[in-house]
Amino acid sequence: MKTALDLVAAAKARVNEIPVSEAEAAIRDADVLLDVREGDEFANGHLPGAVHASRGMLEFKLSSTPALTARDLKVVLYCKTSGRAALAAAAMQEMGYINVKSIAGGFDAWVAAGKPVHKPELPSFG
C-alpha cells in the first residue's frame with residue numbers, strides 16, 4: 001500500500017523539478033505560473049503574477065479555462081514545499097501537457113531565498 005509520500009516521490013521522479021535559483025528565469029519564460037496551494041494560503045501571499053488553481057481542482061480548472069487548455073503551454077507550478085506541485089505536474093503530464101516545471105522546495109524555498117512575495121492588501125476600515 002502506498003502513502004502520500006510514496007506518491008510524491010514517484011511524481012518527483014518523473015517531473016521536471018527546478019531549483020529556486022532557476023525559478024525566476026523559468027517564470028519569465030513561462031506562459032503561466034500556477035499556485036496549487038489552497039485559497040487561504042494563496043491569499044496570505046504568493047509569487048508575483050501567480051494564478052491560483054488549488055491542487056484539488058486543477059484538472060477541472062485546466063479543462064474548463066480556454067486560456068489553459070493548450071497542451072504546449074509553458075507552465076511553472078509551486079505549492080508550499082513542492083509535494084502538491086509534483087503531484088500536479090505529474091497529473092498535467094498525464095493530461096498531455098508537455099512543458100511543465102515544478103519549483104523544488106516550493107513557496108517556502110522561494111521565501112527563504114529572499115525572493116519577492118505579493119501580499120494582497122486588506123481594506124482599511126479606519
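The legends below describe close-up views of a predicted model.

Local features are reported only at pLDDT of at least 70 and side-chain atom pairs only at pLDDT 80 or more, while totals for chains, interfaces and linings use all residues. Residues are numbered from 1 along each chain as its sequence is written, and side-chain values use heavy atoms, with hydrogens and water left out.

View 1. The strands are arranged in the order 1-5-4-2-3 with parallel pairing. Strands are DSSP runs of E with at least two residues, helices are runs of H or I with at least four, and both are numbered from the N terminus; two strands pair if DSSP finds at least two bridges between them. Strand 1 (16-18) and strand 3 stand at the edges with a single partner strand each, so one side of each has no neighbour in the sheet. Strand 2 and strand 4 run parallel and are joined by four bridges. Leu33 stands opposite Val76 of strand 4.

View 2. Tyr78 counts as buried because its relative accessibility is 0% (buried, under 20% relative accessible area; exposed, over 50%; partly exposed, in between; 1.4 Å probe, protein chains only). The side chains of Tyr78 and Asp35 are joined by a polar contact of 2.6 Å. Such a contact is a pair of N or O atoms within 3.5 Å; within protein, one must be able to donate a hydrogen and the other to accept it, and residues adjacent in sequence count only if both atoms are side-chain atoms. Tyr78 and Gly106 are 28 residues apart in sequence, yet their C-alpha atoms are 5.1 Å apart in space. Beyond its neighbours within four places in sequence, Tyr78 is in contact (heavy atoms within 4.5 Å) with residues including Leu33, Val36, Ala85 and Ile103.

View 3. The charged end of Arg37 sits over the ring of Phe107, 4.3 Å from its centre; the criterion is NZ of Lys or CZ of Arg within 6 Å of the ring centre and within 35 degrees of the ring normal.

**View 4. His46 in the loop between helix 3 (39-43) and strand 3 (51-52).** His46 is buried, with a relative accessible area of 6%. Its side chain reaches the backbone oxygen of Phe42 at 2.9 Å. Leaving aside neighbours within four places in sequence, the contacts of His46 include Arg37, Tyr78, Phe107 and His118.

**View 5. Helix 5 and its two ends.** Ser82 is found in the loop between strand 4 (74-78) and helix 5 (83-94). Ser82 has a positive phi of about 110° although it is not a glycine, whereas most residues other than glycine have a negative phi. Ser82 counts as buried at 2% relative accessibility. Helix 5 has twelve residues and reaches 17 Å from its first C-alpha to its last, close to the expected 16 Å, that expectation being 1.5 Å times one less than the number of residues. Its buried residues include Gly83, Ala85 and Met92, and among the elements covering the buried residues of helix 5 are helix 1 (4-14), helix 4 (58-64) and strand 5 (99-103). Just after helix 5, Gly96 takes a positive phi of about 105°.
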